[in-house]
Amino acid sequence: MGLNRLTRYLLRELLLAWAAVTLVLVVVLLTNRLIQFMADAASGEIPPSVIFTLLGLKAAANIGVVLPGSFFLAVVLALGRLYRDSEITAMAGCGIGPKRIYRGIFALAVPLALGVAVLTLSLGPAAERQADRVLANAEQQARFGGVQPGRFLNFGDQTTVYVGQLGADGGMQGLFAERRVDGQWQIWVAEGGRRVANALGPGEFLVLDNGWRYDGNPGEAAWRVMEYAEHGIRVAMPAPVEPGVGMDSRGATALIEQADAAAWAELQRRLSPAVMLLVLALAGLPLAQSAPRSGRFGRVVIAVLVFMVYFNLIYTAADWLESGRVGLLGGPVWVHGLALLITAAAVVVRLGVSPLRRWQPGAAG
């Protein structure tokens, strides 16, 4: 059966408000991440080339947590406008009650909740795993691929390099290097140097200019000293990193197989956004109820506070379950049950809709 005109009208209002709120929240989320990644790139911890890759992966990993809040605010904003403009009053005069309005709300809430479940259970953790992999290799690439003045740089073959300053052409000046080979220290000092690839042979080389090489062990007199005009040191570059898989990036199947307190807590935490979205969709109508020509954003402040309390209770209960302080039902399950009970009471008290009262044809529904 197709959607009637009223349901389509409510869907349009909700979609416009939801798109606007989601866009604002995603921009805020990405801006915070972008500032963090740019600071890491400026300090040399990651290459600038991976910033937007990491930004996209982190957005995919966290968007499922953003959607319940954005939908809840959209419901309050859209229905609040209908209350202020007396459109819901006019609907009630035509025999259209809360049940018809809820039909329009849940026409969007149900498919959105299914999409959120897919994001939090599958796509989000996969994006988190890929983000961890990209970040670990980016940090390694920055650590081994770039030299910063005034800092010690450790290469993969236990070679330590210190550079006093970088020249205008990118060359290194005031250079010190050391490594231990076959139980003996090799130390180089040079006026300058540069990094080359596949020039003196296959691989990465540190080429030193005008310096001295010292071979020996501290505390012993037998040191060999050599002066050189140019000397090449092969530096081993490490293999790509495969970081460990954290609890937040494991697949749902792996968590079910693990079946301990931490795994159940993570599963309940991932399922919570979808359940939360449906509960908040039910709570949106009584919370949005307001007098005509009332303030536009008064209910939004209350909605934000409700969402923050609900969200923090979920993660607190998940932490209790993960630490073993409570049993399986002591996790986020009881939080959703309490929220549903309070929401049902609000629907009955503020809207006069009782789930126990049988709907009759022709009655305001």
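Helix H1 crosses helix H2 in a right-handed sense, where right-handed means that the near helix is turned clockwise from the far one by less than a right angle, and left-handed anticlockwise. The contact between H1 and H2 is made up of 29 nonpolar, three polar and four charged residues. In this classification Ala, Val, Leu, Ile, Met, Phe, Trp, Tyr, Cys and Pro are nonpolar, Asp, Glu, Lys and Arg are charged, and the others, Gly among them, are polar. This is a predicted model, in which local features need pLDDT of at least 70 and side-chain atom pairs count only at pLDDT 80 or more, while totals for chains, interfaces and linings use all residues. Residues are numbered from 1 along each chain as its sequence is written, and side-chain values use heavy atoms, with hydrogens and water left out.

The two helix pairs are set out below. Axes are lines fitted to C-alpha atoms, for helices over the stretch in contact, and angles run from 0 to 180 degrees between N-to-C directions. Helices (H or I, at least four residues) and strands (E, at least two) are DSSP runs, numbered from the N terminus.

| Helix pair | Angle | Axis separation |
|---|---|---|
| H1 (residues 5-42) and H2 (residues 51-84) | about 145° | 6 Å apart |
| H2 and H6 (residues 261-288) | roughly 15° | within 9 Å |

H2 and H6 are therefore roughly parallel to each other, a label given to angles under 35 degrees; over 145 counts as roughly antiparallel, 65 to 115 as roughly perpendicular and the rest as oblique. Their crossing is right-handed. By class, this contact has 17 nonpolar, three polar and no charged residues. Residues of H2 that meet H6 include Leu67, Pro68, Phe71 and Leu79, and those on the H6 side include Leu277, Leu280, Ala281 and Leu285.

The largest nonpolar core has 37 residues. A nonpolar core is a set of buried Ala, Val, Leu, Ile, Met, Phe, Trp, Tyr and Cys residues joined through side-chain atoms within 4.5 Å. Elements giving two or more residues to this core are H1, H2, H3 (87-93), H4 (98-145), H6 and H8 (332-351). Among the residues with the most contacts inside the core are Ile105 and Leu277. Setting aside neighbours within four places in sequence, Ile105 is in contact (heavy atoms within 4.5 Å) with Leu14, Phe71, Val75, Leu79 and Ala281. A second, separate core of 17 residues includes Leu73, Val279, Leu280 and Ala339.

Leu277 lies in H6 and is buried at 0% relative accessibility. Buried means under 20% relative accessible area, exposed over 50%, and partly exposed in between (1.4 Å probe, protein chains only). Beyond four places in sequence, Leu277 is in contact with Leu67, Pro68, Phe71, Ala109, Leu112, Ala113 and Val116. Its C-alpha atom is 8.7 Å from that of Val110, 167 residues apart along the chain.

Gln268 is also placed in H6 and is buried, with a relative accessible area of 13%.

Asn210, in strand S5 (residues 204-216), has a phi near 55°, a positive value in a residue other than glycine. Asn210 is partly exposed, with a relative accessible area of 42%. Glu230 is found in strand S6 (residues 224-235). Neighbours within four places aside, Glu230 is in contact with Arg194, Val207, Leu208 and Asp209.
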